[in-house]
Amino acid sequence: EKGNYRHFMEKEIHDQPEGCQRTIAAYVDTLTGRTDISGGIDFAGLSRIQIVACGTSYIAGLMGKYLIEQFADLPVDVEIASEFRYRHPALRPDGLVVAMSQSGETADTLAALRYCQGKGMKSAAVVNATESTMAREVDVVWPIHCGPEIGVASTKAFTAQVAVLTALAIAAARARGKIDAAEEQRMVRLLLEAPRLVAESIKLEDAVRAVAQEVSKARDVLYLGRGPMYPLALEGALKLKEISYIHAEGYAAGELKHGPIALVDEQTPIVILAPFDSYFEKSASNMNEVMARGGQVVFITDADGERHAPSGARVVVTAPRCDPLVAPLVYAPPIQLLAYHVAVLKGADVDQPRNLAKSVTVE
Ligand code: M6R
């Protein structure tokens, strides 16, 4: 049921605070303030994690790499399942394969998962559909608990996947002795705060709708970010392409000079995702480079970033202040809403974009 919303996608974007709350509640013990990851995976004994996925689930997996490597010092490889399954990857049985999939039925992801199992690896699946083939075939199921997702463009499943991976990063960090109990509790508290911040971030909808007016006229859009904002830049570009049919590319902001800056002109909106964190200064300098070439910058930052930003951004969207641990969750709604409102302005069929299926069960 869409309720008062025009599209499932719009509803699912707005469902995210509640969705993530359910996800987080399933992976932390609110009484002790500790993470609670079932399945008996011994994170301390693992040599590495191999994530396999497609589309938005792949991007969530990439975010997981940033989180798990930073906090748990555990090597994580993330690969697009359709490449992975055919290229004879070098695998060792002491690794854990994690299939990420909203549907649990994506053909390439399933094949990649089975390939790893065939090499003797333990397996886990981060899925929404707990009755799915992947859920049935793995050693451990980590459900994302966000409720059914109907819109072809994935939104609430993405934030729920990222929430699971954040909890997993904290649990792995603790198991591997990288953080003590007090630090674990501090991080868990931050995670428990995330749904409220996601709700705050959704309130940026009016500001984002105004940006959408401009973006809807563009032929190409660039999304840039550093650190965990890089996967989010990829996700922003994927969302826009899928439902508005505007060509968009997500890039690591540091790659700007290595090619994409050639695309920058007065007609190209450049969305820069840059919370006021340790990457900020570098992202701000990329913003200057883009503006010097006439690029129209849409700067998504927080109040501190807004104060320290070079002047001249076409529009600034001011997200709630948050700890870097939860920034991937807090900065997701503005890019989803941007794609959504651009698509609506263009009169596109938001929930059923052309040529796309919700679940890709053929390779
Ligand atoms: O069900 P899955 O998560 O395995 O699906 C993977 C992709 O097909 C999916 O994320 C796709 O990219 C979405 N349309 C993105 O919005």
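This is a predicted model: local features need pLDDT of at least 70, side-chain atom pairs count only at pLDDT 80 or more; totals for chains, interfaces and linings use all residues.

Start by selecting the residues around the ligand. There are 13 of them, and Ser-57, Ser-101, Gln-102, Thr-106 and Glu-242 come nearest. Color this shell by class and you'll get 3 nonpolar, 8 polar and 2 charged residues.

Show the side chain of Ser-103: one of its N or O atoms is 2.7 Å from an oxygen atom of the ligand. Now pick Lys-239, where a side-chain N or O atom sits 3.0 Å from a ligand oxygen. How much of the ligand's own 410 Å² of accessible area does the protein cover? The answer is 91%.

Time to bring in the helices. Select α3 (55-72) and α10 (229-244), the elements that each give two or more residues to the shell around the ligand. Of the elements, α3 gives the most, with 3 residues.

Now hide the ligand and look at the space it takes up: that's the largest pocket. About 550 Å³ of space lies in there. Its lining has 25 residues, with Cys-54, Gly-55, Thr-56, Lys-358 and Val-360 nearest the centre. To see which elements give two or more residues to this lining, highlight α3, β5 (96-101), α5 (107-118) and α10. Finally, color the lining by class: you'll find 8 nonpolar, 11 polar and 6 charged residues.

Definitions and conventions
Residues are numbered from 1 along each chain as its sequence is written. Side-chain values use heavy atoms; hydrogens and water are left out. A residue is near a molecule or strand if one of its heavy atoms lies within 4 Å of it. A polar contact is a pair of N or O atoms within 3.5 Å; within protein, one must be able to donate a hydrogen and the other to accept it, and residues adjacent in sequence count only if both atoms are side-chain atoms. Accessible areas come from the Shrake-Rupley method with a 1.4 Å probe; for residues, only the protein chains shown count as cover. On a 1 Å grid over the protein atoms alone, a cavity is a set of points where a 1.4 Å probe fits but cannot get out, and a pocket is an open set with protein on both sides within 12 Å along at least five of seven lines; lining residues have an atom within 4 Å of a point. A molecule sits in a cavity or pocket if more than half of its atoms lie within 2 Å of its grid points. Helices (H or I, at least four residues) and strands (E, at least two) are DSSP runs, numbered from the N terminus. Ala, Val, Leu, Ile, Met, Phe, Trp, Tyr, Cys and Pro count as nonpolar, Asp, Glu, Lys and Arg as charged, and the others, Gly among them, as polar. Grid points are joined across faces, edges and corners, and a volume is the space filled by probe spheres set on the points.
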